[in-house]
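Subject: Structure for you to look at

Hi,

Here is the structure I promised to send over. Please open it alongside this email, and then read on for what I found.

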Amino acid sequence: MNQLDMQGRHAVVTGGASGLGLAIVQRLLHSGARVTVWDYDQKGMDKAVADLRQQWPSSSIESVQVNLTQHAQAVSYTHLTLPTILLV
């Protein structure tokens with residue numbers, strides 16, 4: 001796998017606890033990014049983040065439970081996680 005230069009960058013990945021979102025998180029971590037996972041499924045996100053922290057123990061991995069169908073939540077958590085370089 002080729003590596004992107006994501007050193008010093010912070011990505012927020014929506015739906016990052018499973019599927020394509022999780023694959024994106026893994027790629028970003030592999031490339032050196034700090035990652036904040038946003039997902040509605042707290043239990044699934046907790047498991048995914050625990051697994052990610054085992055694989056990338058020195059990386060910055062945060063998680064936020066957010067329901068993106070609720071506009072106020074999306075706005076509120078956007079302000080909490082700023083500044084970010086990349087929103088996926």
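Below are my notes, going from the whole chain down to single residues.

First, some housekeeping: this is a predicted model, in which local features need pLDDT of at least 70 and side-chain atom pairs count only at pLDDT 80 or more, while totals for chains, interfaces and linings use all residues. Residues are numbered from 1 along each chain as its sequence is written, and side-chain values use heavy atoms, with hydrogens and water left out.

The overall fold

The chain contains three helices and four strands; these are DSSP runs, numbered from the N terminus, with helices being H or I of at least four residues and strands E of at least two. In sequence order the pattern reads β-α-β-α-β-α-β. Of the 88 residues in the chain, 34% are buried (buried is under 20% relative accessible area, exposed over 50%, partly exposed in between, with a 1.4 Å probe and protein chains only). Among contacts (heavy atoms within 4.5 Å) with a separation of 6 or more, 64% join residues 24 or more positions apart. The chain exposes about 5400 Å², and 54% of that comes from carbon and sulfur atoms; the areas come from the Shrake-Rupley method with a 1.4 Å probe, and for residues only the protein chains shown count as cover.

Strands β2 and β3

Strand β2 (residues 34–39) pairs with strand β3 (residues 61–65) in the parallel sense, over five bridges; pairing here requires that DSSP finds at least two bridges between the strands. T36 has E62 as its bridge partner in β3. Between β2 and β3 the chain passes through helix α2 (residues 42–55), giving a right-handed β-α-β crossover. Right-handed means that, with the strands pointing away from the viewer, the path from the first strand over the helix to the second runs clockwise.

The salt bridge

There is one salt bridge in the structure (a side-chain nitrogen of Lys or Arg within 4 Å of a carboxyl oxygen of Asp or Glu). K47 and D51 form it, with 2.9 Å between the closest N and O atoms. The two are four residues apart in helix α2, so about one helical turn separates them. K47 is exposed at 54% relative accessible area, while D51 is partly exposed at 38%.

A buried loop residue

N67 sits in the loop between β3 and α3 (71–81). With 17% relative accessibility, N67 counts as buried. Beyond its neighbours within four places in sequence, N67 contacts Y40 and Q73.

Happy viewing!
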